[in-house]
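Welcome, and please open the model in your viewer. We will go from stop to stop, selecting a few residues each time.

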Amino acid sequence: MAFDALLYKKHPQLYRQKIGAAPRWDYCAIVAALILSLLGLAIGHGVLAIAGAATWALLTAMLCRKRLEGTSRSVSHIAEMVFTSALVPPLTVFWRVAGAIRFRVRFA
């Protein structure tokens, strides 16, 4: 994801045609809910923390369910999908932002 910014900087039209400039909305929403929950914890606002955590859990569960469609139902595979569904959105958004900062480009 970090090098998507460089690819976009060098070839913006081709990037938009083949890859698309916008990040996945669900990943952004999951990260926003996670940040909201952590902010609620940091400032001691329980309702905000619970609302953020509940939203994060719901969106992550929806992502996991979508990723599990048409795949194996083994316990190990389901556990892997749950684990990676929690990790992939924050890591993707982080590396996308890090790449945009590093290569000084705004995805638009």
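Throughout this tour, contact means heavy atoms within 4.5 Å. Note that this is a predicted model: local features need pLDDT of at least 70 and side-chain atom pairs count only at pLDDT 80 or more, while totals for chains, interfaces and linings use all residues. Residues are numbered from 1 along each chain as its sequence is written, and side-chain values use heavy atoms, with hydrogens and water left out.

**First stop: Thr60.** Select Thr60, which lies in helix α4; helices here are DSSP runs of H or I with at least four residues, numbered from the N terminus. Is Thr60 buried or exposed? Thr60 has a relative accessible area of 9% and is therefore buried (buried means under 20%, exposed over 50%, partly exposed in between, with a 1.4 Å probe and protein chains only). Setting aside neighbours within four places in sequence, Thr60 is in contact with Ile30, Ser85 and Ala86.

**Next: Ala86.** Move to Ala86, in helix α5. Ala86 is partly exposed, because its relative accessible area is 23%. Residues up to four places away in sequence not counted, Ala86 touches Trp56 and Thr60. Now pick Leu34 too: its C-alpha atom is 10 Å from that of Ala86, although the two are 52 residues apart along the chain.

**Then: the two helices together.** Show α4 (residues 46–68) and α5 (residues 75–102), which pack at an angle of about 125° with their axes 9 Å apart. Axes are lines fitted to C-alpha atoms, for helices over the stretch in contact, and angles run from 0 to 180 degrees between N-to-C directions. The pair is therefore oblique (under 35 degrees is roughly parallel, over 145 roughly antiparallel, 65 to 115 roughly perpendicular, and the rest oblique). Among the residues that meet are Trp56, Leu63 and Arg67 in α4, and Ile78, Met81 and Pro89 in α5.

Select Glu69, in the loop between α4 and α5. Glu69 counts as exposed because its relative accessibility is 53%.

**Last stop: α1.** Which residues of helix α1 (residues 2–10) are buried? Colour Ala2, Asp4, Ala5 and Tyr8. Look down the axis of α1: these buried residues fall within an arc of 165°, so they line one face of the helix (the arc is that of the directions from the helix axis to the C-beta atoms). They pack against α2 (12–18) and α5, whereas Phe3 and Lys10 are exposed on the other side of α1.
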